[in-house]
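Visitor: I'm new to this structure. Could you take me on a close look at its aromatic rings?

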Amino acid sequence: MAATMRGCISYFMNDAVTLRLRSGILEQTGATVDVLQSDTMDHYRTFYMLERLLHSPPKLLNQLLFQIPPYRQTMLIERYYAFDEAFVREVLGKKLSKGTKKDLDDISVKTGVTLKSCRRQFDNFKRVFKAVEELRGSLVENIQQHFLLSDRLARDYAAIVFFANSRFETGKKKLQYLTFEDFAYCAEQMIQNWTLGAVDTNVDDMDVDLDKEFLQGLKELKILITDKDLLDLHKSLVCTSLRGKISVFNEMEANFKNLSRALINIASKLTHSKDVRDFFVDLVEKFVEPFRSDKWSLNDVRLFLTQYTVCAHTLDAFRHQALWERYMGTLKACLLKMYHD
């Protein structure tokens, strides 16, 4: 094991020395190549001793062996837990298991991220997931408390944990245009509105699991498409409010019932784990692609979803106002984030 570690240090150290040479450090300091190699080796040895502490960052802060200023401790932690967008897009929504880890060779080749870096990033994702998956309280705050990450990086890790837990499909070809930032934004919206923590701060896994009672309740929304009078009235109200305001009014009017059925059917099927996994696939297939095909602008989509939501609130026979707002607020936010080239 020690021999293997020395070999790894030697291999990566040579790359580091080459990079430092290119930076002109010898000319700046007057050092020799031998001194540079020795200095670089010292840094590598120190890092290998530090790495086990980085697996539990509070230990790094409390150790006395290494005299590291607080700002450098923060930088070390932040850089160690940083990740490549190309890599995270390949594993987002997948189970953080040995099976996925076996694919890292292929992911490294596909993304251009070194295998060593892929392993570090994957192990970090898994470590954070294991540490916070069953904790009470805010997912972001738990990650910050246990790993001392910045707010932005903790929010990104919260999205990774959330996606791994619900196993959302993100790898299909039609989803490849979506960035990690798109998915992270949607994750944040869902955590804030669709999880148990959105309504009850005293439950376990509050920000990790979707609220099953809420998902079950979404079946009640089907009245908007099964009651013909209600469907016709809803359409009439939306069309009246949008006439002259969107560039695709005729297309919207002709497709209103199909769009409404799709919006409600997605809601009513979220009690099934497979339909939860396919949530983003459904949004792209049923809305993003048809909207693109009919040349809806982003503003057209925003106005339609806004009026579609608002007009349902004015229907006297529709009694599920809070449920409707909780569902449509998040769905609208996700769709608008996803509607781009």
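Guide: Let's start with Trp296, which is buried, with a relative accessible area of 6%; buried here means under 20% relative accessible area, exposed over 50%, and partly exposed in between, with a 1.4 Å probe and protein chains only. Phe304 is buried too, at a relative accessible area of 0%. Please keep in mind that this is a predicted model, where local features need pLDDT of at least 70, side-chain atom pairs count only at pLDDT 80 or more, and totals for chains, interfaces and linings use all residues. Residues are numbered from 1 along each chain as its sequence is written, and side-chain values use heavy atoms, with hydrogens and water left out.

Now for the pairs. Rings of Phe, Tyr and Trp (its six-membered ring) pair if their centres lie within 6.5 Å; planes under 30 degrees apart count as stacked, over 60 as edge-to-face and the rest as tilted. Searching the whole structure this way gives 30 aromatic pairs. In one of them, the ring centres of Tyr81 and Tyr157 are 6.2 Å apart with planes at 70°, so this pair is edge-to-face. Tyr81 belongs to helix H5 (residues 70–81) and Tyr157 to helix H11 (residues 151–166), so their pairing ties together parts 76 residues apart in sequence. Such helices are DSSP runs (H or I, at least four residues), numbered from the N terminus. Tyr81 and Tyr157 are both buried. Back at Trp296, its ring and that of Phe304 have centres 5.6 Å apart and planes at 85°, so they also form an edge-to-face pair.

Finally, ring pairs link a cluster whose members include Phe47, Tyr48, Tyr80, Tyr81, Tyr157 and Phe180.

Note on methods. Helices (H or I, at least four residues) and strands (E, at least two) are DSSP runs, numbered from the N terminus.
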